[in-house]
Amino acid sequence: MSLCCCSTAACRGFLLPSILLSRSYLPRHPLLDLRTTTTVARLAPAAATISSLSAPQQRQVAVYVEALLDWNQRMNLTAVTDEAEVMTRHVADSLAVLPPLERAYRARSSTDDGGIDGVSLIDVGSGAGLPGLILAVARPSWRFTLLESMKKRCTFLEHAVEAMGLSNVDVVCDRAENAGQSLDHREAYDVAAARAVAELKVLAEYCLPFVRVGGLFIAAKGHDPHEEIKNAKNAVQKLGASMSELCNVESMGPHGQRTAVIYLKDRATPRKYPRLPGTPSKMPL
C-alpha cells in the first residue's frame, strides 16, 4: 500500500477556468451569476481543485448544475442548494479524484505509453450523477455507466445526459447486488467508483464484482477513513482485491480534505458475491 497527497498544485491539476468567473459568460447560464462578493469569495476556492475544461465542457458542467438545482426542487437529489456550493462541494469534489485515479491506472497500464483512453468506469450508487457525470465531461474518451437503484433518480440522470449532450454515458436502473451478478456487468469494467454511498466494507461488496482482474476500485471517503479501511480488510480480501493506495485530496467539505481509497482487483470475485439485495448492508462481510 502506498500513501500519497494530492494537495500540491501539480497533483491537483484542476483550476477553475476563468470563463466561469467571466461576466461575459453569465448570460448563457444565469445559474453562474456571481451577484455578490460573498459568492465570488466562496466560489474562488474551487480554483484550487478544478481545471483543464474546454469552453464546451464548461458549458456542459453549467447545464448539469442548472438541471440539478431545478430537479432538486421536485425530488431529493442533494442537500446543497446554493450554486457556488454545488460547484465546490460537488463538481470540484468529483474532479478531485481524477489525479490519483489516473496515476494509479497508468501505473498498471499494459500500454507502453501508459495511455488511458477508452477506460470503462461504473459509478455505483450514482445518485445525482456524482462523480460519474462530471468525470464523463472531463474524460470524453472514457465510457461511463451510472448505476442507480431509484427510478426517479434514473429519470433525472437520463435527462441530464441528454441535456449535457453526453454520448459516453449509459444509465442503468438496478441494484448493485443484481447488476453485479449480471453477465453484462460482472467484471466488465476497468474502474468502479463510488462517492458517499455506504461504509467501505459494504461498498466493497457492491463495487468489486464489477471490476475486471487488474482493474481498480476507488472510493471517495472522508478525511479520516482508517477505521473503515481496517474494518473492510476482510471483506476486500474475500472479494479478490488488495489495498493499493490512500491519497489525500483537497475538498470543500467541512474538513477541507477527502481521501481517495484505491484497491487493486487481484483475482476474480467468488461467484456468490454480491449476495442477495439487502444482505451486504444487513450482514457485512
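Trainee: What share of the 285 residues in the chain is buried?
Mentor: Buried residues, meaning those under 20% relative accessible area with a 1.4 Å probe and protein chains only (exposed is over 50%, partly exposed in between), make up 54% of the 285 residues. This is a predicted model, in which local features need pLDDT of at least 70 and side-chain atom pairs count only at pLDDT 80 or more, while totals for chains, interfaces and linings use all residues. Residues are numbered from 1 along each chain as its sequence is written, and side-chain values use heavy atoms, with hydrogens and water left out.

Trainee: How many helices and strands does the chain have?
Mentor: Helices (H or I, at least four residues) and strands (E, at least two) are DSSP runs numbered from the N terminus, and the chain has 11 helices and 8 strands. Taking contact as heavy atoms within 4.5 Å, residues 24 or more positions apart account for 73% of the contacts with a separation of 6 or more.

Trainee: At what angle do helix α3 and helix α4 pack?
Mentor: Axes are lines fitted to C-alpha atoms, for helices over the stretch in contact, and angles run from 0 to 180 degrees between N-to-C directions. Helix α3 (residues 55-71) and helix α4 (residues 83-95) pack at about 115°, with their axes 11 Å apart, and are therefore roughly perpendicular to each other, a label given to angles of 65 to 115 degrees (under 35 is roughly parallel, over 145 roughly antiparallel, the rest oblique).

Trainee: Which residues of α3 and α4 meet?
Mentor: From α3 come Val61, Val65, Leu68 and Leu69, which meet Glu83, Val86, Met87, His90 and Val91 in α4. By class, this contact has 7 nonpolar, 1 polar and 1 charged residues, where Ala, Val, Leu, Ile, Met, Phe, Trp, Tyr, Cys and Pro count as nonpolar, Asp, Glu, Lys and Arg as charged, and the others, Gly among them, as polar.

Trainee: How many aromatic pairs does the structure hold?
Mentor: A pair of aromatic rings is described by the distance of the centres and the angle of the planes. Rings of Phe, Tyr and Trp (its six-membered ring) pair if their centres lie within 6.5 Å, with planes under 30 degrees apart counted as stacked, over 60 as edge-to-face and the rest as tilted. The structure holds 5 such pairs, among them the tilted pair of Tyr64 and Phe156, at 6.4 Å centre to centre and 55° between the planes. This pair links distant parts of the chain, with Tyr64 in helix α3 and Phe156 in helix α7 (residues 151-164), 92 residues apart.
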